[in-house]
Amino acid sequence: MTEAVPNFEGLLREALAPVEPPADLVERLESTLTSITEMAADELEAWELSAMRDPRNWARPAAALVVGGTAGAALVLLRARRRAHGSPGGLDGVLEAAERTIGDIGREARKLLGDR
Amino acid sequence: MTEQASHKPKAQLDAEFSELYRAHLRDVYSYAYYRVGDHHDAEDLTEQTFLQAYRHFERAQRESHGRPLRPWLIRIAHNLAANLYRDRSRKPVSPIDDTTTLTAMHTTEQLVEGRDELSRVLDGVQKLPDDRREALIMRFALGMDNREIARALGRSDGATKVLIHRAIKQLEEIVHD
């Protein structure tokens with residue numbers, strides 16, 4: 001079986017070394033995922049405005065608040081990582097990114113709650 | 001707000017998806033790159049894989065019963081790659097039939113000068129049938145075990161073990177010819 005050819009397997013492992021994704025792909029992908037979560041929040045807000053006219057939907061905004069708020073949470077998670085990667089200041093940069101992220105969470109929450 | 005017992009709060013799902021993304025971005029990209037052999041297509045495939053994964057993440061978590069989701073991610077990439085080739089109604093040109101791109105990248109980044117043995121291995125990998133090539137990529141580029149590969153390919157553990165064994169044997173024959 002495969003155990004009989006350890007040297008060849010080593011060669012194969014070396015030939016098929018993992019490939020790091022390009023930085024621009026990481027940036028683009030995280031930006032796209034961020035946009036999706038933002039879109040989810042916006043669509044929920046639009047849905048709420050129309051749904052409130054129908055009493056049968058009055059129980060729904062509470063759920064929408066939770067979902068909308070958490071869409072923002074995913075957003076700031078990705079933002080934090082982008083900023084940490086983009087910061088040249090090592091640990092200081094990461095801490096700054098974390099502080100900005102906390103600020104982001106507050107702003108996202110105010111944005112989501114303030115429109116109600 | 002009361003969540004149904006079988007559903008997690010979205011904040012938790014999003015956080016867990018972020019973890020999945022961070023943990024397996026390199027795996028998905030490596031798989032995509034060796035599968036299609038071209039950086040441009042590999043980037044598109046990686047992006048589409050994570051977008052699909054995001055859409056179906058909650059269901060995948062529910063149905064995984066706590067098992068790792070890497071095979072699920074790779075299976076998405078596998079299906080998308082198959083669709084890519086089907087849509088183009090042809091095999092990929094540069095990667096499978098011409099491994100210049102793969103070899104060049106290894107030459108500049110990882111290979112010791114003069115070791116064309118690795119180039120021959122890469123050439124050989126590209127000549128394998130799709131299922132054997134994919135199994136070797138999962139095993140050696142991603143470090144997946146038989147069970148993970150079996151889940152990604154939708155095969156039994158035993159069939160996967162045989163597949164990998166035959167793939168290595170065929171590759172050895174190609175390389176040493």
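A nonpolar core is here a set of buried Ala, Val, Leu, Ile, Met, Phe, Trp, Tyr and Cys residues joined through C-beta atoms within 7 Å. The legends below refer to a predicted model.

**Figure 1. The largest nonpolar core and its most connected residues in chain B.** The core comprises 52 residues. Those with the most contacts inside it are B:Tyr31, B:Ala32, B:Ala77, B:Ile137 and B:Met138. The greatest contribution to this core comes from helix α1 (residues 10-36) of chain B, which supplies 11 residues. In soluble globular proteins, nonpolar side chains tend to be buried together.

**Figure 2. Contacts of B:Tyr31.** When residues up to four places away in sequence are not counted, B:Tyr31 touches B:Ile74, B:Ala77, B:Ile137, B:Met138, B:Ala141 and B:Leu142. Among these partners, B:Ala77, B:Ile137 and B:Met138 are also listed, together with B:Tyr31 itself, as residues with the most contacts inside the largest core.

**Figure 3. Packing of helices α8 and α9 of chain B.** Helix α8 (residues 146-153) and helix α9 (residues 157-176) of chain B pack with their axes 9 Å apart, at an angle of about 100 degrees. Because angles of 65 to 115 degrees count as roughly perpendicular, α8(B) is described as roughly perpendicular to α9(B). On the side of α8(B), the contact involves B:Asn146, B:Arg147, B:Ile149, B:Ala150 and B:Leu153. These residues meet B:Asp157, B:Thr160 and B:Lys161 of α9(B). By class, the residues of this contact divide into 3 nonpolar, 2 polar and 3 charged.

**Figure 4. The loop position of B:Pro68.** B:Pro68 is located in the loop between α2 (39-64) and α3 (70-88) of chain B. It counts as partly exposed because 15 C-beta neighbours lie inside 10 Å.

Figure 5. In chain A, 55% of the contacts with a separation of 6 or more are accounted for by residues 24 or more positions apart. For contacts in chain B between residues at least 6 apart in sequence, 64% join residues at least 24 apart.

Methods:
Residues numbered from 1 in each chain as written. Chains lettered and ligands numbered in written order. Predicted model: local features only at pLDDT ≥ 70, side-chain atom pairs only at ≥ 80, totals over all residues. Buried ≥ 20, exposed ≤ 12 C-beta atoms within 10 Å, placed from the backbone. Helix = DSSP H or I, 4+ residues; strand = E, 2+ residues; numbered from the N terminus. Contact = placed C-beta atoms within 7 Å. Axes fitted to C-alpha atoms, helices over the stretch in contact; angles between N-to-C directions. Parallel < 35°, antiparallel > 145°, perpendicular 65-115°, else oblique. Nonpolar A, V, L, I, M, F, W, Y, C, P; charged D, E, K, R; others polar.
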